[in-house]
Amino acid sequence: MKHYLLLLLTLLTFVSCSANEPELPEQPQPVQPGEGSDYFSGKKVLIAYFSWGGTTRRMAQQIQAITGGDLFEIEPENPYPTSYTPCTEVALEERDTNARPAIKSSVANWDEYDVVFLGGPVWWHTAPMILHTFAESYDFEGKTVVPFTTYASTYRDETLQAIVDMTPDAEHLEGLGLTSGSINGNRILTWIDLLNEQYGSLHPGEATVPMDGVVDTI
Ligand SMILES: Cc1cc2nc3c(=O)[nH]c(=O)nc-3n(C[C@H](O)[C@H](O)[C@H](O)COP(=O)(O)O)c2cc1C
């Protein structure tokens, strides 16, 4: 509903400004990685995520397609077991020992990013411990963090909150958790439109109006 209101507002803005303003393209332009974004005042966006089974990767790719940010996959130095039950055992052990599993590689040019989407699956009611390793590896002062998660059925909000709690030096925008079947471009576009409004309120005078439209599901 809010999405349609936003569309209507955007249309009205175009109509009321059309006498003096140059015409804007009607369709959203495809955004290439690293090109910068119509969102968040054109600030540089990083999408950092951990994914064991590929679901969170799919959500991260959708975020990338809309924002034009750079993707960074948080990969463990020691890969997790590829079978489900052994993986759950390792994950539980890591959670219960407050482990910090090592990450294979690091983000290049961290200082250039302003907005950091940080996400992973729900693992044992919370965020995987490797997200803590990531959060503790970088300076989040001055960054805007957007948590995201994917989950089967439970502990979505707790996991989003865990990502907020592990990045206390950052400011935060509203997170989103989706199950595998509910990941689609329009759902994520609606959310990112809202984030852009939130960002505009936190940084008055900086916000831009993004082009609106349908984004295909990857
Ligand atoms: C070790 C482990 C623990 C999990 N714990 C939960 C949980 O507590 N709640 C839940 O809803 N889903 C849980 N799941 C399911 C995943 O959160 C869900 O399938 C997620 O979308 C997987 O993301 P991925 O494919 O990016 O790894 C768990 C899965 C694994 C492997």
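What percentage of the 218 residues in the protein chain do buried residues make up? Buried residues account for 34% of the chain, where a residue is buried if 20 or more other C-beta atoms lie within 10 Å of its own, exposed if 12 or fewer, and partly exposed in between, with C-beta atoms placed from the backbone.

The model is predicted: local features need pLDDT of at least 70, side-chain atom pairs count only at pLDDT 80 or more, and totals for chains, interfaces and linings use all residues. Residues are numbered from 1 along each chain as its sequence is written.

**Overall architecture**

The protein chain has 6 helices and 6 strands, these being DSSP runs numbered from the N terminus (helices, H or I, at least four residues; strands, E, at least two). From the N terminus on, the order of elements is α-β-α-β-α-β-α-β-α-β-β-α. Among contacts in the protein chain with a separation of 6 or more, 81% join residues 24 or more positions apart; two residues are in contact if their C-beta atoms, placed from the backbone, lie within 7 Å.

Strand S1 (45-49) is largely enclosed by the rest of the structure, because 5 of its 5 residues are buried. In a regular strand the side chains alternate between the two faces of the sheet. In S1 both faces are covered: Val45, Ile47 and Tyr49 are buried on one side, and Leu46 and Ala48 on the other.

S1 runs parallel to strand S2 (residues 70-73), to which 4 bridges join it; strands pair if DSSP finds at least two bridges between them. Leu46 stands opposite Asp70 in S2.

Helix H2 has 13 residues and reaches 19 Å from its first C-alpha to its last, close to the 18 Å expected at 1.5 Å a residue; the expected span is 1.5 Å times one less than the number of residues. The buried residues of H2 are Thr56, Met59, Ala60, Gln62, Ile63, Gln64, Ala65, Ile66 and Thr67. They pack against S1, S2, S3, strand S4 (144-150), strand S6 (176-178) and helix H6 (185-202). After H2 comes Gly68, with a positive phi near 75°.

In helix H4 (residues 129-137), the buried positions are Met129, Ile130, Leu131, His132, Phe134 and Ala135. Their packing partners are strand S1, helix H3 (84-96), strand S3 (115-121) and helix H5 (156-165).

**Ligand shell**

The ligand is surrounded by 22 residues, the closest being Ser51, Gly53, Thr55, Thr56 and Pro121; a residue is near a molecule if its C-beta atom, placed from the backbone, lies within 6 Å of it. Helix H2 (55-67) and H3 each supply at least two residues of this shell. By class, the shell divides into 10 nonpolar, 11 polar and 1 charged residues. Ala, Val, Leu, Ile, Met, Phe, Trp, Tyr, Cys and Pro count as nonpolar, Asp, Glu, Lys and Arg as charged, and the others, Gly among them, as polar.

**Loop residues**

Most residues other than glycine have a negative phi, and most peptide bonds are trans. Ser41 has a positive phi near 55°, and Trp124 has a positive phi of about 50°. Ser41 counts as partly exposed because it has 16 C-beta neighbours inside 10 Å, and Trp124 counts as partly exposed because it has 15. Trp52 has 20 such neighbours and therefore counts as buried.

| Residue | Location |
|---|---|
| Ser41 | loop between helix H1 (2-17) and S1 |
| Trp52 | loop between S1 and H2 |
| Trp124 | loop between S3 and H4 |

Not counting residues up to four places away in sequence, Trp52 touches Tyr80, Cys87 and Pro121. Trp52 and Thr82 lie 30 residues apart in sequence and 8.3 Å apart in space, C-alpha to C-alpha.
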